[in-house]
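Take a look at the aromatic rings in this model. The text below goes through them step by step.

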Amino acid sequence: MGASAPKVVTVNELRNRAQFNARSCKEVKDKYGQTENGLYYLTTATGVVYQTFCDMTTAGGGWTLVASVHENNIYGKCTVGDRWTSQQGNNANWPQGEGNWANRKTFGTVEAATDDDFKNPGYYDIEAEDMSVWHVPNNTPVNHWKLAAIMRYHTVRHFLHLYGGNLYQLFHSYPVEYNVGAHLSDNGPSIPIVYDLGDKESTKNLYGPYSGGEIEGGFISFRAINHERAATAICSGVKPKSGNVEHYCIGGCGFFPEANPLQCGDFTGFAWNGYGAHIGFSASKQMLESAVLLFYR
């Protein structure tokens, strides 16, 4: 059977959601019995109210969108819009770049999470156990994210308990910083995933052909360091087996030494051998033109 169209939520239903008092989508689901995907309001431990998207249907539901990584211009190498690396150029004197993987800055709006970078207070406030990741084509309206996604997966091992309950804490343990360590020996954790859409082989095929021999599908990996000691933040769907991580990991530090500045940017070296060419180390156009949405539960 094909996927059903998203339910249309009335204005009154949306207004009623604003009355919920919950810190995460899981809490909204558990306390208020909500089962519809869509926009909800959450409240942090200190009383900050914000709006985000809740996935209430995947693997039991209760997934809170906390961030999206969106490449606004693959040719703008660490320029304005590269919030998950550096907006001030590729600079060895700026080793952490923006530092947004490990700070409390927020930016963007939930409805524009496939149009631009997004980070809400849940990123650092929610104490979660697992993660879910969706790759959704750029500029997709929020009500169509799930149907339009090219890959979706989640973890099941409650791994975030080991790292403080969220990525904010994890990246304090594994700083995303230039010259913080060596490839493979100083990478962060790689966690097995369960696919909701896609599989190990289709994941590898979304990246460049040369990358295929350097990655193992079926994982989400954190703080992967390349041959030149530049750190990337997240390797989505894969575990690195080499040091050319700039071609299949996103986000990162403020300096990438090789071919300065060609590797710098939120999608780093994804267009190394041509834009969406899917040759050499170039990722597919599907991957290059999709935002990476990060959820907690």
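Which arginine lies over the face of tyrosine 40? Arginine 17 does, at 3.9 Å from the ring centre. Lysine 239 takes up such a place over phenylalanine 219, at 4.3 Å from the centre of that ring. Keep in mind that this model is predicted.

Tryptophan 84 and phenylalanine 107 make one of them. Their centres are 5.3 Å apart, and their planes stand at 70°. The pair is edge-to-face, because planes over 60 degrees apart count that way. Both residues sit in the loop between β3 (63–69) and β4 (118–119). They are 23 residues apart, and the pair links distant parts of the chain. Tryptophan 84 is buried, with a relative accessible area of 1%. Phenylalanine 107 is buried too, at 12%.

A second pair joins tryptophan 134 and phenylalanine 295. Here the centres lie 4.8 Å apart and the planes meet at 45°, so the pair is tilted. This pair bridges two strands: tryptophan 134 belongs to β5 (residues 131–137), phenylalanine 295 to β14 (residues 290–296). The two residues are 161 residues apart. Tryptophan 134 has a relative accessible area of 0% and is buried. Phenylalanine 295 is also buried, with a value of 0%.

Ring pairs link a set of residues into a cluster. Among them are Trp84 and Phe107, along with Trp101, Tyr123, Phe159 and Tyr163. Phe171, Tyr174, Phe222 and Tyr296 belong to the cluster as well.

How values were computed. Residues numbered from 1 in each chain as written. Predicted model: local features only at pLDDT ≥ 70, side-chain atom pairs only at ≥ 80, totals over all residues. Heavy atoms only, no water. Phe/Tyr/Trp six-rings, centres within 6.5 Å; stacked < 30°, edge-to-face > 60°. Helix = DSSP H or I, 4+ residues; strand = E, 2+ residues; numbered from the N terminus. Buried < 20%, exposed > 50% of the residue type's maximum accessible area, 1.4 Å probe, protein only. Lys NZ or Arg CZ within 6 Å of the ring centre and 35° of its normal.
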